[in-house]
Amino acid sequence: MKNSSIKTVVAVGIGAALFFVLGRFVAIPSGIPNTNISLQYAVLGLLAVMYGPVAGGLIGFVGHTLIDLSWGGSPWWSWVIASAFVGVVVGLFAKKLNIHEGEFGKKKIAIFTLANVVAHVLAWVGVAPILDMVMYAEPADKIFAQGAMAATANTLTAVIVGVLLIIAYTKTIAKKGSLDKQ
């Protein structure tokens, strides 16, 4: 158990750092103000299915907070919470995907895709806009446009790049029964 918690803490640290670097320095402007197309959600998806919902939530929360702080202002908490929400939701599918067995076929790709669609749509069209209105009194038309763009871009990058990352990861794992006794 102790070894597992140490791995989770290390995963959160590395994951938050990767989330920060990708979100801060590899962001592509989307055309919607303050909304970028970014790759950090692919890494979040990979690590959430590897280490579960707690690690996923913490990676999203810490990584997004660091991105916001790096711009010189205070964190935009509604979106930080939405990033954490994505990590938790995708992480909830970890046991069903069980990528540590080295298998990631069409059925598991479909489950990973569904997990990301659900997580991103709920986070960016539900959680973030509602919190924006409650916490910051933001106008609904602006925040729902941002949310729709974020949901679309983040889902696509998380699924496309995330699937490729998970396939690469699972190829490094020896399958059960693949080693012969000599």
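What follows is a set of questions and answers about this predicted model.

Colleague: What share of the contacts with a separation of 6 or more comes from residues 24 or more positions apart?

Modeller: Here a contact means that heavy atoms lie within 4.5 Å of each other. Among the contacts in the protein with a separation of 6 or more, the share that comes from residues 24 or more positions apart is 73%.

Colleague: How far apart are the end C-alpha atoms of helix α4, and what span should its 15 residues have?

Modeller: Helix α4 covers residues 77–91, and because each residue counts for 1.5 Å, its 15 residues should span 21 Å. The end C-alpha atoms agree with this, since they are separated by 21 Å.

Colleague: How many of the 15 residues of α4 are buried?

Modeller: A residue is called buried when its relative accessible area is under 20%. The buried residues of α4 include S78, W79, V80 and A82, and the list runs on to V89, V90 and G91. The helix is therefore mostly covered under that cut-off, and the number of buried residues in α4 is 11.

Colleague: Which helix supplies the largest share of the lining of the largest pocket?

Modeller: The largest pocket holds about 590 Å³ of space and is lined by 23 residues, with N34, T35, H64, D68 and W79 lying nearest its centre. By class, this lining has nine nonpolar, 10 polar and four charged residues. At least two lining residues come from each of α2 (40–51), α3 (53–70), α6 (106–136) and α7 (140–171), but the largest share, five residues, comes from α7.

Colleague: Is Q146 buried or exposed?

Modeller: Q146 lies in helix α7, and, leaving aside residues up to four places away in sequence, Q146 touches I32, P33, N34, T35 and W79. Because its relative accessibility is 5%, Q146 counts as buried.

Colleague: How far apart are the C-alpha atoms of A158 and G45?

Modeller: A158 is found in helix α7 and is buried, with a relative accessible area of 0%. Not counting residues up to four places away in sequence, A158 touches Y41, A42, F112, N116, H120 and V163. Although A158 and G45 are 113 residues apart along the chain, the separation of their C-alpha atoms is 6.5 Å.

Colleague: Which residues is A128 in contact with, leaving aside its neighbours within four places in sequence?

Modeller: A128 has its place in helix α6, and its relative accessible area of 0% makes A128 a buried residue. Once the neighbours within four places in sequence are left aside, the residues in contact with A128 are S78, W79, A82 and A123.

Colleague: What is the phi of N98?

Modeller: Most residues other than glycine have a negative phi. N98 is found in the loop between α5 (94–97) and α6, where N98 counts as partly exposed at 28% relative accessibility. N98 is not a glycine, and yet its phi is positive, at about 40 degrees.

Colleague: What is the phi of A137, and is this residue buried or exposed?

Modeller: A137 has its place in the loop between α6 and α7. Its phi is near 50 degrees, a positive value in a residue other than glycine. With a relative accessibility of 66%, A137 counts as exposed.

Colleague: How far apart are the C-alpha atoms of A174 and G102?

Modeller: A174 is found in the segment after α7 and is exposed, with a relative accessible area of 53%. A174 and G102 are 72 residues apart along the chain, while the separation of their C-alpha atoms is 6.7 Å.

Conventions:
Residues numbered from 1 in each chain as written. Predicted model: local features only at pLDDT ≥ 70, side-chain atom pairs only at ≥ 80, totals over all residues. Heavy atoms only, no water. 1 Å grid on protein atoms, 1.4 Å probe; cavity = no way out; pocket = protein on both sides within 12 Å on 5 of 7 lines; lining within 4 Å. Points joined across faces, edges and corners; volume = space filled by probe spheres on them. Helix = DSSP H or I, 4+ residues; strand = E, 2+ residues; numbered from the N terminus. Nonpolar A, V, L, I, M, F, W, Y, C, P; charged D, E, K, R; others polar. Expected span 1.5 Å × (residues − 1). Buried < 20%, exposed > 50% of the residue type's maximum accessible area, 1.4 Å probe, protein only.
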